[in-house]
Amino acid sequence: MYAPSPLPGGPLIVCVAKKTALHTPTNQPSCRVVACSKANIYVLASVRDCAVLSCENCTIFVGAVRTVLSLDHCQRCTVVAACGRVRVSNCTETVIHLLTPSGPVIFPSNKALQLAPYNSCFPGLTTCLASACLTPATCTAWNRAIVTESHTEKAKVPATEGDTEGQPYTIMPPERFHAFYVPFITPGDTTENPAPLPPEYAVAVQEKEATIDAMRRNIRDAHLEPDAERRLQVAIQRRFKEWLVSSGNMRQINDLLHMAEKGAEGTGAVNNL
């Protein structure tokens with residue numbers, strides 16, 4: 001389930017494929033996520049720096065990065081992170097949800113890169129942010145990207161939401177924005193996303209929540225007969241299972257159940273490196 005970590009105090013997460021990996025390193029080590037595929041990787045801690053290299057079809061969550069988060073040669077990944085700065089090169093069809101005080105440095109080698117506001121939390125997030133010297137109220141530069149011509153030239157040409165033509169990235173439309181849930185309980189008391197959302201994204205989240213509430217209310221007010229209510233439950237469960245399978249989330253649920261069983265047996269489901 002977990003890759004070995006030869007770095008002193010820091011996780012080296014290598015070649016995790018079709019699995020869920022959880023790491024909670026201490027003492028702000030460096031973190032490396034390398035050559036993973038179809039994996040869900042959670043680093044629920046503050047790290048000094050983090051590099052994500054040659055990963056594909058992965059979801060990667062990093063609690064907080066004190067200095068620089070680097071992404072290189074990744075394809076079809078979703079990355080959620082708070083960081084001092086992010087640098088992205090040679091990535092394709094990758095979505096990055098950011099909490100950062102510095103404009104993302106984007107190289108022209110990226111294709112179909114998408115930037116979005118931070119969309120998550122977990123109980124220990126506030127502690128991680130404080131350890132990484134990140135203050136949510138000042139970490140609003142997720143969409144103020146800087147496109148640079150080469151790795152040796154200084155960053156330049158800020159990109160804006162209204163000026164993405166010719167840019168190697170776009171801004172996520174508010175209607176596609178949704179919350180990302182971390183399926184682990186850690187020490188701490190953070191219960192909601194600490195990032196200040198732009199109004200249009202906050203409205204989009206509220207509208208999605210209102211839609212769900214309206215559906216529940218309509219079902220409750222329909223006063224269905226027991227047989228009809230049972231058929232509806234079966235239909236909803238069937239469609240939900242189909243979505244779990246098609247989206248790849250069924251595999252993560254099975255991984256989480258396995259990790260919970262290991263924890264109950266006393267073997268530990270958390271990798272403390």
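Six aromatic pairs are found in this structure, which is a predicted model. A pair of aromatic rings is described by the distance of the centres and the angle of the planes. In the pair formed by phenylalanine 61 and phenylalanine 122, the ring centres lie 5.7 Å apart and the planes meet at 85 degrees, so the arrangement is edge-to-face. Phenylalanine 61 belongs to strand β6 (residues 59-72), whereas phenylalanine 122 sits in the loop between β11 (120-121) and α1 (125-131); the pair therefore ties together parts that are 61 residues apart in sequence. Both partners are shielded from solvent: phenylalanine 61 has 0% relative accessibility and counts as buried, and phenylalanine 122, at 3%, counts as buried too.

A second pair worth a look joins tryptophan 142 and tyrosine 201. Their ring centres are 5.7 Å apart and their planes stand at 90 degrees, so this pair is edge-to-face as well. Tryptophan 142 is placed in the loop between α1 and β12 (146-147) and tyrosine 201 in helix α2 (residues 199-221), so the contact ties together parts that are 59 residues apart in sequence. Tryptophan 142 is buried at 6% relative accessibility, and tyrosine 201 is buried at 1%.

Returning to phenylalanine 61 and phenylalanine 122, these two residues are part of one aromatic cluster that also takes in Tyr42, Phe180 and Phe184.

Strand β6 also holds isoleucine 60. With a relative accessible area of 1%, isoleucine 60 is buried, because buried means under 20%. Leaving aside residues up to four places away in sequence, isoleucine 60 touches Val33, Ile41, Val52, Cys55, Thr78, Val79 and Val80.

Strand β5 (residues 49-53) is mostly covered, with four of its five residues buried. On one side of the pairing list, β5 runs parallel to strand β3 (residues 30-34), and five bridges join the two. Within this pairing, serine 30 has aspartate 49 of β5 as its bridge partner. Strand β5 is also joined to β6, again in parallel, by four bridges. Here leucine 53 finds its bridge partner in aspartate 72 of β6. Strand β5 is thus paired with both β3 and β6, and β6 is the strand that carries phenylalanine 61 and isoleucine 60.

Methods
Residues are numbered from 1 along each chain as its sequence is written. This is a predicted model: local features need pLDDT of at least 70, side-chain atom pairs count only at pLDDT 80 or more; totals for chains, interfaces and linings use all residues. Side-chain values use heavy atoms; hydrogens and water are left out. Rings of Phe, Tyr and Trp (its six-membered ring) pair if their centres lie within 6.5 Å; planes under 30 degrees apart count as stacked, over 60 as edge-to-face and the rest as tilted. Buried means under 20% relative accessible area, exposed over 50%, partly exposed in between (1.4 Å probe, protein chains only). Contact means heavy atoms within 4.5 Å. Two strands pair if DSSP finds at least two bridges between them.
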